[in-house]
Amino acid sequence: MQKANAPLFQDPIHNGASDPVVIYNEEKGTHFMLYTARRADVEEEGVMWVHGSDIGIAESLDNGNSWQYVGICKGLEYESGRNTYWAPEVIRYGDLYHMYVSYVPGIPADWQHPRYILHYTSKDLINWNFESKLNLSSEKIIDACVFRMKNGIFRMWYKDEAHDSHTYCADSADLYNWTVNSCVIDDVAHEGVNVFEFGGKYWMITDCWSGLDVYFSDDLSHWTKQNKRILEEGGTRKDDGVIANHADVAVCGDKAYIFYFTHPERKGNMLDDTIAAERRTSIQAAELEIKNGMLVCDRNKDLYIKLK
């Protein structure tokens, strides 16, 4: 069996692949990775390079060990002109794929702007139809994660930057109409929440810009923080020597794989996005394990991904 590539994937257009989400394409029988296609190679004012991004698509024909660039998601145009799309969350329900993507109007040079989550549907993961702009807890929300609970209700977690960059949640019976529930995680500022079930527990990981914080729960409502982060120390593989950022987890039987991105050249403040030489990103993957009741990750371990 082929060992997973490291780095797993790099965007060939602007070299800024980030915020990956992995899903099985039922129609093609292959796996797709959707990601934020940052424009890491542009020279523009301030943080304009982070904005104006498309949602890129990569495909794996070997259960996740290697990925090839496919293109970008089509049909996302929400307003006229060039705008910004970040951090897709994609799930399949019935015969449709649902995407909840962060949206920023225009290509701002700073961080002072509204942010929303838009809902789209698709039958092939490439061509998308707009459904709605979600009305949630503020006008500055990003990074949706959706999980279907055992009672059939869908729960969405997301980052609310207007409320100290904490995680809030909302519930829906149909994926179209959402009711804000409450603030869920408020101990530190963070983003990129991801929730999954593994080893008899529910787990939540968040990107706190110093590795990934881990929480666990028995009911998806009350969360306890694990006392050790994961992927907070750099690894030995190519482009993997720094902390991990904004991750997705795919659970396949008794295996769980984490897909994350790195800034390989970034050595300083992880919140400083102005240094051009440190903008490049790479997608990486590693296996998650549970040891002594804790979620752990050895990013240097040989990786053989088997998504399906």
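The largest nonpolar core of this predicted model holds 20 residues, of which Leu8, Phe9, Met33, Trp67, Phe259, Ile305 and Leu307 touch the most other members. A nonpolar core is here a set of buried Ala, Val, Leu, Ile, Met, Phe, Trp, Tyr and Cys residues joined through side-chain atoms within 4.5 Å; buried means under 20% relative accessible area, exposed over 50%, and partly exposed in between, with a 1.4 Å probe and protein chains only. Two or more residues of this core come from each of strands E1 (17-25), E2 (30-37), E17 (245-252), E18 (255-262) and E19 (282-291). Strands (E, at least two residues) and helices (H or I, at least four) are DSSP runs, numbered from the N terminus.

A contact requires heavy atoms within 4.5 Å. A second, separate core has 19 residues, including Leu34, Tyr85, Val101 and Tyr116.

Residues are numbered from 1 along each chain as its sequence is written. Local features need pLDDT of at least 70 and side-chain atom pairs count only at pLDDT 80 or more, while totals for chains, interfaces and linings use all residues; side-chain values use heavy atoms, with hydrogens and water left out.

The protein as a whole has 0 helices and 20 strands. Four of these strands form an open antiparallel sheet in the order E13-E14-E15-E16, where two strands pair if DSSP finds at least two bridges between them. Strands E13 (191-198) and E16 (224-225) stand at the edges with a single partner strand each, so one side of each lacks a neighbour in the sheet. Strand E15 (residues 212-217) pairs with E16 in the antiparallel sense over 2 bridges, and Tyr215 stands opposite Lys225 in E16.

The cysteines form 0 disulfides, a disulfide being a pair of cysteine sulfur atoms within 2.5 Å. For Cys145, the nearest cysteine sulfur is that of Cys169, 11 Å away; Cys145 is buried, with a relative accessible area of 1%. Cys169 has its nearest cysteine sulfur in Cys183, 8.8 Å away, and Cys169 is also buried, at 2%.

Finally, the overall dimensions may be considered. The C-alpha atoms fill a box of roughly 50 × 45 × 40 Å along the principal axes. Buried residues make up 57% of the 308 residues. Among contacts between residues at least 6 apart in sequence, 53% join residues at least 24 apart.
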